[in-house]
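Subject: Structure for your files

Hello,

Here is the structure I said I would pass on. My notes follow below it.

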Amino acid sequence: MGSNVVPLVILVILAVLVIGWGIATRNRIKMMEVKVEEAKSGIDIALIKRYDILTESLNVAKGYASHEKDVLVQLIEARSGMSLQQTKAVMENQEKAIESLKLVAEAYPQLYSNQLFKELQEQIAVTNEHLSAAKRTLNSNIALYNQKVVAFPASIIAGLIGCGKLEFFKETDEKKKQDVHMNF
């Protein structure tokens, strides 16, 4: 009976180690999911800030070009829980609004020289940089998550709990990916 106990103890120890590893791996995957969601939230925050700044810019511009406001009022307010596709659509819509606002400013030189308008334009630039940083953070967290869920043996646990690769956040405006040609 004593010789049968040793293999049984070894099997129990191995089972406990495998179960412990499985639980630890599942917890790491779930923590990475939280980091991805946190990074998405960073994009939402930057979009909301940009929306607020654009709204303020709109109010300043209204005094100079009230008929132009319709273009800017079509902004979509960013909300938590959006998919990456919905977030991209919000960004594209805000980019269009920024371009429209620049056109309004060019049409009304007094607006362009207005100090408040200049400050708002600077805030838009800073917010756009924050948005870019949030996109980089999101993609970094997605990369870490994807590496974890596709690497063996963690991929076994990922498959068991229904976790798969996530799609990276990509720029959809092909024009922005092309080289800028400057003519002097």
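Overall make-up

The protein chain has 7 helices and 0 strands, where helices (H or I, at least four residues) and strands (E, at least two) are DSSP runs numbered from the N terminus. Read from the N terminus, the order of elements is α-α-α-α-α-α-α. This is a predicted model, in which local features need pLDDT of at least 70 and side-chain atom pairs count only at pLDDT 80 or more, while totals for chains, interfaces and linings use all residues. Residues are numbered from 1 along each chain as its sequence is written, and side-chain values use heavy atoms, with hydrogens and water left out.

Confidence

The mean pLDDT (the predictor's confidence in each residue, from 0 to 100) of the protein chain is 78, and 76% of its residues reach 70 or more. Helix 6 (residues 154-160) has the highest confidence, at 93, and helix 2 (residues 69-73) the lowest, at a mean of 48. Over residues 74-80 pLDDT stays under 50, and the model has 17 contacts beyond four places in sequence for them; contact means heavy atoms within 4.5 Å. Where pLDDT is low, the predicted coordinates should not be read in detail.

Burial and surface

Of the 184 residues, 30% count as buried, that is, under 20% relative accessible area, with exposed over 50% and partly exposed in between (1.4 Å probe, protein chains only). The accessible surface of the chain is about 12,000 Å², and 60% of this belongs to carbon and sulfur atoms; areas come from the Shrake-Rupley method with a 1.4 Å probe, and for residues only the protein chains shown count as cover. Among contacts with a separation of 6 or more, 76% are between residues 24 or more positions apart.

Val 6 lies in helix 1 (residues 2-62). Its relative accessibility is 49%, so Val 6 counts as partly exposed.

Around helix 5

Asn 139 is in helix 5 (residues 115-150). Leaving aside neighbours within four places in sequence, Asn 139 is in contact with Phe 168 and Phe 169. The Asn 139 side chain reaches the backbone nitrogen of Phe 169 at 2.7 Å.

Pro 153 sits in the loop between helix 5 and helix 6. The peptide bond from Phe 152 to Pro 153 is cis, with omega near 5°.

Regards

Key:
A polar contact is a pair of N or O atoms within 3.5 Å; within protein, one must be able to donate a hydrogen and the other to accept it, and residues adjacent in sequence count only if both atoms are side-chain atoms.
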